Amino acid sequence: MAGTGEVASRMRISVSPLGDMLLKSWDQFPDKEALVFPTARRTYDDVVQSVLHRARALIGLGIKQGDHVGILLPSGIEFVETLFAVSMVGGVSVLMNARYRAPEIAYVVENAELAAVVTNSEADDFVDFTTRLTEALPQIADCKDPMELSVDGAPRLKRLILNGGKSAPGFIDQAAFDAAAATVDEERVHDARLSVRLRDNCMILYTSGTSANPKGCLLSNEAICREAANLARNRWEFTEDERVWSPMPLFHIAALLAMLGAVEVGGTFIGQPHFSAGESLRQIEAEKATMLFLPFVTFHQAMIAHEDWDSTDMSSVRLMNSCFSQMPERIGNAYREKMPEALQVGTFGMSEASGIVSTGGYDMDPELGFQTLGYPLKGVAVRIVDTETGEEAATGERGEVWIRGYNMLDGYHRDPVKTAEAIDEQGWYRSGDIGSVDENGHLRFHGRFKDMLKVGGENVAAAEVEAVIDTHDTVELTQIIGIPDERLAEVPAAFVKPANGATPSEEELIAYAKERLASFKVPRHIRFVDEWPMSASKIQKFKLRKQLMEELGLSD
C-alpha cells in the first residue's frame, strides 16, 4: 500500500522510448498478466510476442522509421499491441477516434500524412471500420492490388491493414499481414527499435474539434513515457501489483496514460472496448482493481444509477482519479460512502501535455481530492496569468493557465501559426483554460475562455452557471451554451438532464437560478435532454448550440 508521498530529492529520471517501456516490464514479469479485457487476458509474454510479430509485419509491408501510422481500432488488446508495434519499428502512432465519421477520417489521413492505417474487420454494434474507411476514401473500393494503393488527396497513404478474418478491396488482410511478417527476421525489429531517440515523435494526438478541424499534437517519446513514469511511480506510487482499471477509450489520452502507467511498473491494465456501467462494476469487483481512472461525470452517473451499484464490492480500491471538484456534490458523496478508505484525486490536463499537468497524491489533505485538481507534477511548471496585464495572478485569483515542462507537445502538426499562437518564445503553452491556485498550491478549474460568454459586456463562465443549476434536486447535469442576442450580443441557455424520475420545469429552474446568480448569468432558455451528444468522452456543446439555434431561428 502506497502512502508516504513524493520527495523530489529521492526521484530519479529513468525513461526510454515507448517500445522499451514494454520490454523492460517483460524482462521482469514475463508470466504476469499485463492486459485484461472482457473477452481476453494476456500476459506480458503474450503481448510481447504478438507485438514483435506485428512489428515484423509492418517492416515487411514497408513501414519505416518516422512513418505515420494511423490506429483505427476499438479499445482492446489489439490496440495496445499495435501501439507498441509501431513504436518498435520507429513509427509514429496517430490515434484515430473510433467514433470518427468518414469526413473526419479523411481529414486525419491527409493532415497527418499517414503512410498506413491499421484497423480490423470485426464490425460491432458501434462501427464497421472497413465501411467507414471506404466511405472516407472511396477510391479504395476500386483498388485491385492493396500493395499498389493510390488515393487522391492522401499521396503518402500506401497501406491499409485489415486485421481479423475478413477481406475487402484495397486492404491488406490478415493472411497477407502474417505473410509479410514471415519475411522479416526479428533482429530487424530490434535494429529499428534501438535507433529510436527520446526526442523523436512518438504519437500524434488530435484534439477534439468543435466548429473547426482538430489539431494534431506532436508528442515525443520523452513526453509520453516520462509522463507515464512520473505519474505512476512518483505521484500515485504504483507498485508491480497495481491493477489499474479504466473503461475509457484508449485513443483518449487519459485512458492511454493509465494503461502506460500500469505497464511502466509491470502492473495490470483492465479495460473494455465500450463503456458499460454493469460491466464496469463487475470488473472492479471481480478483478480486484486497486486504482480507478475515471474523470468524467457521465460515466459515474451511469454506474451510480445501475442496479448493481449497491451490491458491488469496491474494497480493493486504494486510489481513484475522479475529478469530483468538477461534478455535482452528490457524485462525490456516493463514492465517499462506497469506498471511504480510497484516496480521491482530481486531475487537470490535456492532449498537449501528454495527459496530466496536475493531480493529487498521498502527501495532501485527502479532502482536497474532492475540492481541487491537485498540484503540478514535479518537472512541470504552471503559471496563472492575468490576460489583460500579462502578469502572474495572485493566490486565489483567476487567470489563464500556462504550462511548461518535459511533457509538452513539440507543436501542432503542419500548423506553425497555431503553434506560435499557443507556445511563446520561452516555451510556455497557453492553455485557454481559466484557473487559479489556492493557498495549498492546488489548481482549481473555472472553465475555458472559449467557454466564456460575453453577456452585455459581462464575462460569464459556463462552468459557474452549470454548477449552480446542478445543485437543484431534480437535475442530474447541466450544460450551458451561449446564443446570439440583439441587445446583449450573447445570452446563456441551458441544456439539462433531469435526475431519475424527476420532471423539472423550465420556469422552476430559471427561478432557481435567479435566486443564486446575477441576472446576466441566468439562462434565458432551458431545454431538457435524455442523452448527451458525445465525442469519445466529452459532451459536444456545439451540437447543443446548433440544435437550439435552429429551433429559435437564430444565426451568427
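Does Asp191 count as buried, partly exposed or exposed, and at what relative accessibility? In this predicted model, Asp191 has a relative accessibility of 49% and therefore counts as partly exposed, since only values over 50% are classed as exposed. Asp191 lies in helix H7, which spans residues 186-193, and together with Asp185, Glu186 and Glu187 it forms a negative surface patch.

Strand E6 (residues 159-163), by contrast, is mostly covered, with 5 of its 5 residues buried. In a regular strand the side chains alternate between the two faces of the sheet. Both faces of E6 are covered, with Arg159, Ile161 and Asn163 buried on one side and Leu160 and Leu162 buried on the other. Strand E5 (residues 116-120) runs parallel to E6 and is joined to it by 5 bridges, with Thr119 standing opposite Leu162.

The structure holds 31 salt bridges. One of them pairs Arg199 with Glu222, whose closest N and O atoms are 2.8 Å apart; this pair links distant parts of the chain, as Arg199 is in the loop between H7 and strand E7 (201-206) and Glu222 is in helix H8 (residues 221-235), 23 residues apart. Arg199 counts as partly exposed at 38% relative accessibility, whereas Glu222, at 16%, counts as buried.

A salt bridge also forms between the side chains of Arg243 and Glu287, with an N to O distance of 2.8 Å; Arg243 belongs to strand E9 (residues 243-245), while Glu287 is in the loop between helix H10 (277-286) and strand E11 (291-293), 44 residues apart. Both Arg243 and Glu287 are buried.

How values were computed. Residues are numbered from 1 along each chain as its sequence is written. This is a predicted model: local features need pLDDT of at least 70, side-chain atom pairs count only at pLDDT 80 or more; totals for chains, interfaces and linings use all residues. Side-chain values use heavy atoms; hydrogens and water are left out. Buried means under 20% relative accessible area, exposed over 50%, partly exposed in between (1.4 Å probe, protein chains only). Helices (H or I, at least four residues) and strands (E, at least two) are DSSP runs, numbered from the N terminus. Two strands pair if DSSP finds at least two bridges between them. Patches are made of residues with over 30% relative accessible area and no salt bridge: like charges are joined within 9 Å, nonpolar side chains (Val, Leu, Ile, Met, Phe, Trp, Tyr) within 5 Å. Accessible areas come from the Shrake-Rupley method with a 1.4 Å probe; for residues, only the protein chains shown count as cover. A salt bridge is a side-chain nitrogen of Lys or Arg within 4 Å of a carboxyl oxygen of Asp or Glu. Lys and Arg count as positive and Asp and Glu as negative; His and the chain ends are not counted. The place of a charge is taken as NZ of Lys, CZ of Arg, CG of Asp or CD of Glu.
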